[in-house]
Amino acid sequence: MTNSSSRYNIYLVRTYMLIIFFLSTQFQMLAQEGEIIDNVQEKTRNELVSGIIEVSPDEATIYEDELLRRLQGNIEKADLYYELGRAFLKQGDNKRSTSYIKKGIPYAQSAKEAKKLINLYILLGNSELGAWHNQEALDAYYKVLEIAQTKKEIEHTVIAIVNPNIAIVRRRMKQFDEALDACNEALAIIDDTRYKNKKDHVNLLTITSEVHLDLQQYDIALKYVDQGLSMSNTLDYKAGLIDLYTKKGAVSFYKENYEDALLYLRTADRIYKESTVKSKTFTININYFIASCYAAQKEYEKAIDQLKQITGISDNDERKNYRRLIDAYELIGASYDTLGDDKNSSYWYRKYGELYKKYQKDKDKVVNKIYKKDTGLLGEQIAKEKRNAIYFLSLLIVVSGICVLILYTYKKKQRTSKQSFDKLLKKVNQLEMSSKKSSKPKEKPREVIIGDQKVTDVLKGLKRLEQQEFFLNTDCSLRSMAKKVKTNATYLSKIINTHKGLSYNDYINSLRIDYAVNRLKNDKKFRSFSIKSIATELGYKSDYSFAKHFKSKTGINPSYYIKRIEEI
């Protein structure tokens, strides 16, 4: 009993001591907070703003509350959050930048200040773009254009600023024609704005050159690069010089002039290291193209050493450059493969596959967003045409007679298309069932015996590229594929003809259409895309080319196939 009472007393003493410690800690924290608040109240506005930028997010709240207490109207508060958002964006802290910008937008809306609201949404788009939040960036830029339509006096200026950034998103989604349209629209009006010969003009020339590079129009790209370099030198614009010298190096690389390419790329690297500019995108691009020059000259160890400078960037990094990192992972995997290092080669090819899937997932979301926006604009145009159509009702009498003939032809065509569809669907289902039964598809015996090790290696390379879905790239040419399987175009063409029984173009089109048939059958979201968007996803430069090859192989149009799949 005594021991139990003693233990109980000890427990009470300990509990009492803990309570005292907790209360004293809380009082100390309150006292410290009181001191901070007293100190904050003595600071000027500029000191408070600087304080928010320098201290932790939790402590910044005290500075922020004090600033809001001093500011009178919504306009001043909107200006404050714009200033904070811009400061954090400059530091590369996209998360805090976005947070402050979103706080400022409601104040600008309440004040009904269109220009301030436009500036906030442009800044929001830039912050999301820098974080590779493509869908969110696109939303912000479209909001800017929507607001600008109500302010005709600033619409041109807004287009000149926003369109290049929209082009960046379009380019990331491999919608190069649409990206070029956005750039050309901005170029047509930039001379009439206050941004002429300024940094924003340089940035427009930079993205325009990038799109022409994507389209393999190297001489046109070089023209915009040289214009941008001249302007950047005059402005002493370091970021422009770094980016444009990198682009010039890329042009020389694609033209296989590796000596000039390395000269321009090292110039970009030197300016970058000597400047205060900090950008992981610049680091990735410079090192990737230098490594590509080494690999093209068969200096694979140098290429690997160069790529190791960028492959340490985390896949979870918000500011990752998806496309170039994907290319870097593939190149380092190929370099290790050439050196016979299977372990490292497999590791980097696996990294390549993982990041490519992430890229595709993000890309699908944004392409869907772009598709909805494009079809929305198209819907407005159709509605306008319908209103005008009332004046042409008299034509319906003639049209009705023609419709009878068309209907008969259509019904006949539908019967033929249904038969082709049923045949195609049966074939697809049979292939899916056979793939489930056996992971090793049976190959037909070939009369040609592969004895040449080079042929074997090329066929293995083709198989790897098929698994990586390289055939979906718009730049999947005979020449580019030959480089990836380490042979020349003539030899590759003969191997495909002999062992695949197809010409190169028929081989690529066959892979693309097989991919389209299967993905359209199993991916509901993919079926919701326009035929043009689907064609772009498959690597075709026009919807006409896609539809032609689809019908040639399956006997039906892609639109009919999508409709029937939806029905069943």
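**Before starting**

The model is predicted, so local features need pLDDT of at least 70 and side-chain atom pairs count only at pLDDT 80 or more, while totals for chains, interfaces and linings use all residues. Residues are numbered from 1 along each chain as its sequence is written, and side-chain values use heavy atoms, with hydrogens and water left out.

**Stop 1: the whole chain**

Show the protein as a cartoon. There are 26 helices and zero strands. Helices (H or I, at least four residues) and strands (E, at least two) are DSSP runs, numbered from the N terminus. The protein has 568 residues, and 44% of them count as buried. Buried means under 20% relative accessible area, exposed means over 50%, and partly exposed lies in between (1.4 Å probe, protein chains only). Contact means heavy atoms within 4.5 Å. Among contacts between residues at least 6 apart in sequence, 65% join residues at least 24 apart.

**Stop 2: the nonpolar cores**

A nonpolar core is a set of buried Ala, Val, Leu, Ile, Met, Phe, Trp, Tyr and Cys residues joined through side-chain atoms within 4.5 Å. Select I118, Y121 and L307. In the largest core, which has 97 residues, these three touch the most other members. Now colour residues 280–296, which form helix α14; this helix gives the most to that core, with ten residues.

Go back to I118 and show its surroundings. Leaving out residues up to four places away in sequence, I118 touches V144, I147, A148, I154 and V158. A second, separate core has 39 residues, including L465, M481, Y504 and V517.

**Stop 3**

Select C293 and C476. Are they buried or exposed? C293 counts as buried because its relative accessibility is 0%. C476 is also buried, with a relative accessible area of 8%. If a disulfide is a pair of cysteine sulfur atoms within 2.5 Å, the count comes to zero.

**Stop 4**

Two packed helices are described by the angle between their axes and the distance between the axes. Axes are lines fitted to C-alpha atoms, for helices over the stretch in contact, and angles run from 0 to 180 degrees between N-to-C directions. Angles under 35 degrees count as roughly parallel, over 145 as roughly antiparallel, 65 to 115 as roughly perpendicular and the rest as oblique.

Select residues 218–235 for α11 and 238–254 for α12; the two pack at an angle of about 155°, with their axes 9 Å apart. That angle makes α11 roughly antiparallel to α12. The crossing is left-handed, which is the term used if the near helix is turned anticlockwise from the far one by less than a right angle; clockwise gives right-handed. To see the contact, show side chains including Y218, L222, V225 and L229 of α11, which belong to the set that meets residues of α12, among them L241, L244, Y245 and V251.

Pick out D226, which lies in α11. D226 counts as partly exposed, at 34% relative accessibility. From D226 to Y245 the C-alpha distance is 9.1 Å, and the two are 19 residues apart in sequence.

**Stop 5: helices α8 and α10**

Select residues 152–172 for α8; this helix packs against α10 at an angle of about 30°, with the axes 10 Å apart. The two helices are therefore roughly parallel to each other. Their crossing is left-handed. The contact is made by I161, P164, A167, I168 and R171 of α8 with D200, L204, I207, E210, V211 and D214 of α10.

Stay on α10 (residues 199–214) and select T206, which sits in this helix. T206 is buried, with a relative accessible area of 6%. Which residues does T206 contact, leaving aside neighbours within four places in sequence? They are D243, L244 and K247.

**Stop 6: two positive phi angles**

Most residues other than glycine have a negative phi. Select E256, whose phi is near 65°, a positive value. E256 is in the loop between α12 and α13 (258–274), and counts as partly exposed at 35% relative accessibility.

Next select K486, where phi is near 60°, again positive. K486 is found in the loop between α20 (478–484) and α21 (489–499). K486 is partly exposed, with a relative accessible area of 35%.
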